[in-house]
Each structure stands twice: as C-alpha cells, then as structure tokens.
Amino acid sequence: MKRPVVLWMTIFALAGAFLYIGLFPRTETAQGLHLRVQGLIGHGKFSQAEALSRKALALDDQFAKSYIDLGNIYSFRGDYVLAEKAYLTALECIGADRVDQAVTHYNLGGIYKREGNGRQAWMHFLMAYEMRSEYYVIKNDPEGFVHQVETDMNLPAEIFHRLQTLKTALNKGRYQEVLADSNQFLKDNPGSRYTVLFLKHRIRALSSLERYEEAIQRLESFRRSDPSGVHKAWIDRMMDLVELSARERFCRIREDLPGQILALERLKEKFPSESFTRGIRLQLAELYLKAGDYSRASQELRGSGLLRARVIRFCLFVGIASTLLMAGLTFIFRVLFRGRYLQQRGSPIFKGSHLYLFWVFLLGIPGLQVLALLWLKTANPAIVSLLLTHLLLAGLCLFFLKGIYRLDNTTLGFAWKANRFNAPLPTVILAVVPIVVLLGMGALHDYGARVPSSGVRGLIQSVSQRGSGAEVFGVVLLLGLVGPICEEIVFRGYLFNCFRWHTSGMVAVALSALAFALAHQIPVLLPYYFALGIILAVLYSKSRSILPCILTHSLLNLTLLTLSWLS
C-alpha cells in the first residue's frame, strides 16, 4: 500500500473519531463514578471521593453504592454519626443485593460497637452473618469476612462448633439430627442470645421435612418472646419462607401447576440470593417445561447456574446405566445362551460395541429432548424435538443395519416381497389392542390411579387446548407416521433382531418388549407398553415384515389421540 493512501486513511480515521466524540459525548453514570470513587478511597483522597459520590447521587438519588461510599469515607474520617446516617440510607435503597446488604450491616455493627450500643451492634452483625454465604461466594472470600463477623459477634468456641455441625448436617440432608441438636440447645439455654442462630437451622429442617405448621408455631412463639422487635425482620422473612413453601406443597399435592409456579416465583422474588434459590429456579424450569413455556424454562435453567452440573450428571448416568445394561446382557448372552453366543461370536453383525452405543443414544434421548426444547426457537419446539430425536435414533439403527451390516430389506422385513404375511393376525390385533387399552385406562380410573405427565401427553393437551392447525398437523404426523416408523425400526428392526441373534426367539420378544416399555418412561403404563411390545414383536416374528407392525402402531396411536382430543 502506498504511503499517501495510508496517510489519508489515518487522517480520515482521526477525523471520524473526533466527530464521534463531538456528536456522542461521554455521559457519566452513577456506576462509573462509583468505580472512580473506589480508586480514590484506596489512595486516601477522601475529599475528591466525597465530591464524586455526591455527584453520583445527584444523577441517581437511589444509588445505594454511593451511600455506602459516603459511609466508608465518614468512617475513615471518624465522623460516625454521618457514617451511620449514610449506611442506614443505603439499606433503604439497596433492594435485593445481598452482598451490599451484608457489607452495610457489618459496617453498621462496627459503628454501634464503637459507640457501646451492644444490642444494635449484635443485631447488625447477626444480619451480616445471615448473609455471609452470598458475600464470600461472590467476593471469593471464604474465610476473611465470615471469620471477622464471627469474631465481632463474640461467638464462643462451643457455640461456633455446634453451629458448624448443624450447618453440615443440614447441607447433607440429616434433618432429624438438626432437629434433635437444635431442640436440645433451645431447651438447655432458654432466652439465650444465640437462640435465633439455632432456631434458623431448626426452621430450615422443619421446612425441608414439610412440617410447616410446627415451623410456624415455633416462629410465633419466638415472636412473642421478642416484645422489643429486635428480630422482627428476621422472623417476617422466615414466616414468608415457611408459608410460601407450604403453599407450594399444597399446590403440588393438588397438581395445581399455575399455583405451584406462582408460589415458587414469589419465593424466588423474596429470596433472590439465598443458597436454596438455585434449587427453586431448577424446580421452576421443570414446571415451565411441563406447562409448555420453554423460553421461561430455558431462562430459569440458565439462571440457576446448575445447567452444566446437570448435563455432567446426566452424561455420567447414561454412561453408567449403559455399562450396567451391557453387563447384564453379556451375562445373558454368554451364560444362558453360551452355545449360540460362541456360534455368533466371530460374526460381523450385531456386535456388542454397536449395542452399547445404541443404549447410550436411547438413554440420552430424554436429555437431548430437553436441550432441544430449551434451544429451539420454533413456535412449538416440543413437536420438533420429538421428531428430531425419533429420526436420530432410527437413523443410527439404519446406519448399523444397512451401512455396516449391509442386510437386505427382505431379511430385515422392510419389504412385502417374499415375506410370510398372515392377514388375520394383524386384523385381530387391530381389533383387540384398542379394547385392551380402553379397559386398562378404565381400570386405572376406577382404582384412582393417575397417569403422570409426560412429554407426549403434555404436548397433546397443549395442542388440543390452544394449538394452531400447523401444530395439530405436526402432532398427527408425529404420532401417526414418524413415531411408529422410527420406533418399529428401533425396537423391532434392530433390537429384536439383535436379541434373537444372540438368544432364543421368546427371550428376544420379552427383552425387546421390556426395552420398548421402559423407553416410554411412564411407570403406571409399564404393563400396557410391555404387552403392546410383546404383541408387536410376535407380529413382526410371525409375519417377517415390519410393515404390519408400523400399521398397527400407527392406527393405535391415532385411536388414542382421537379419544384424548374427544375427552
């Protein structure tokens, strides 16, 4: 590039930069001024820091961090009256920021301690102690802050050790141990200044055991024993926690999904930074998935911070479960059918490594469906996710059968030609299976059993209530065509043939039917799906064709879909 060109490009770039600065001047914000104040306080320039803090408050008179800065400046100067006023004003403006609340309460406790007001100092140190977990998680200070607060609270070594034991037991779910230990302390030390610390752990344990009435009675009793109202704010917070938890449980028992979501949303709103809030957001994500609100489910799952941990845990589950399944099948193949296994051992088809990969995909399908629901941006991602996962598993089986094993369509039963087709058999099955299904549903209703929510059932209900024409067509396509074709290729075309290759025909029928039943993930309907799997496997074995199985499966699904929409 020639030098004049470079020179002119530099001139134009500088001119554009100056023009940008002139047209869009830098605007100062309260947050930016607060960051500058932090640097000035660190260098001891308190006068300039105070001026900038007041400038930030002129821009936003509700900016709590500037009040905290002013409190720190006055504390360094020794003007504790103005510092107290600034910190109290900050507490009114902080809102839900638990970190700033912890710091402000701790600083106020220090001021009251210097003034000799032990009662007020204890109250603010207690509030800082309650919020310690949020502080050291965010500030990456797991030792300094909490130890400093405990030192200022003058906790005796015995009390500190018992509190740490209770906290460990509570985190590990040993709630009865927490109740016994806290109850023993409250009996032995009535009216102790440390009562609130032990009562907090007792209330948390009672709430975890869903003994809400007892928790409320304990809090009311403590309120009566605190006439001066020193712990009123803490009691009100714990009452809100217990009452909202009780409401959530009541809605869960009644299967009131909107009520359960509302109770958990209020819990999240009132306790935005507690240690249990992540679990609440995870529950909300699962409930929003059931309700079909996938954008909110994705938002809550990401906000919980547990998405990565859940994915890792699910992958470990899939790996371990697949290994255990293969170990059980290998035992069946080698011990119970040793002769047949040795005969087929050197064969290039239906290898154990391919079967293990199949189990990994089959067990991973629910996780893939959830991820697809969260990340797909279509109008109804449930239909698309089910279609994609069905096609993925069927594609894997076809890759093994046609791409690696190179089996022809006649051998697999994918064609009508040269297959022994018994016409009365599928006709009888088509007539009998819907009747068996209706009788089974009626028996479940008579015995008071409820069919739990599942992905397909929730999809059918949501589409029948407020679905568009395209969504109705998608459900019919999924249940009437794509689903039956893919499931028959997977469970009859691949899995049944694999089991029959290594075992006898009856064992292959039973194992493929069991896998078919478990894959639907509805424990109440497990006998029905197992019976249906046996019928379809026998039909496939007798007719030597997968086409009557697809036809039977498709008509059965459409029959159930029609009955569901009519009801």
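Biologist: Which helix provides the largest share of the nonpolar patch?
Modeller: Helix α20 (residues 352–375) does, with three residues; a helix here is a DSSP run of H or I with at least four residues, a strand is a run of E with at least two, and both are numbered from the N terminus. The patch has about 390 Å² of surface and is made by V311, L368, L371, W375 and L392. Please keep in mind that this is a predicted model, in which local features need pLDDT of at least 70 and side-chain atom pairs count only at pLDDT 80 or more, while totals for chains, interfaces and linings use all residues. Residues are numbered from 1 along each chain as its sequence is written, and side-chain values use heavy atoms, with hydrogens and water left out.

Biologist: Why is W375 called partly exposed?
Modeller: W375 has a relative accessible area of 42%, and the label follows from the cut-offs, since buried means under 20%, exposed over 50% and partly exposed in between, with a 1.4 Å probe and protein chains only. W375 has its place in helix α20. A patch is made of residues with over 30% relative accessible area and no salt bridge, nonpolar side chains (Val, Leu, Ile, Met, Phe, Trp, Tyr) being joined within 5 Å and like charges within 9 Å.

Biologist: How do you know how many disulfides there are?
Modeller: A search of the whole structure finds zero, a disulfide being a pair of cysteine sulfur atoms within 2.5 Å.

Biologist: Is C498 buried or exposed?
Modeller: C498 is buried, because its relative accessible area is 0%.

Biologist: What is the geometry of Y528 and Y529?
Modeller: Their rings form a tilted pair, with 4.9 Å from centre to centre and 55° between the planes. Y528 counts as buried because its relative accessibility is 18%, and Y529 counts as buried because its value is 15%.

Biologist: Which residues do ring pairs link into a cluster?
Modeller: The cluster holds F350, F358, W359, F399, F400, Y405, Y494 and W501.

Biologist: What makes E210 and R249 a salt bridge?
Modeller: Their closest N and O atoms are 2.5 Å apart, and a salt bridge is a side-chain nitrogen of Lys or Arg within 4 Å of a carboxyl oxygen of Asp or Glu, so the pair qualifies. E210 lies in the loop between α12 (195–208) and α13 (212–224), whereas R249 lies in helix α14 (residues 232–253), so the pair ties together parts that are 39 residues apart in sequence. E210 is partly exposed at 30%, and R249 is partly exposed at 29%.

Biologist: Why are E248 and R252 said to be separated by about one helical turn?
Modeller: The reason is that they are four residues apart in helix α14. E248 counts as buried because its relative accessibility is 6%, while R252 is partly exposed with 35%.

Biologist: Which residue forms a salt bridge with R492?
Modeller: The partner is E488, at 2.8 Å from N to O, and both residues are buried. Elsewhere, salt bridges that share partners join E210, E248, R249 and R252 into one network.

Biologist: How do you know that R492 lies over the face of F516?
Modeller: R492 is 4.7 Å from the ring centre, and a charge sits over a ring if NZ of Lys or CZ of Arg is within 6 Å of the ring centre and within 35 degrees of the ring normal.

How values were computed. Rings of Phe, Tyr and Trp (its six-membered ring) pair if their centres lie within 6.5 Å; planes under 30 degrees apart count as stacked, over 60 as edge-to-face and the rest as tilted. Accessible areas come from the Shrake-Rupley method with a 1.4 Å probe; for residues, only the protein chains shown count as cover.
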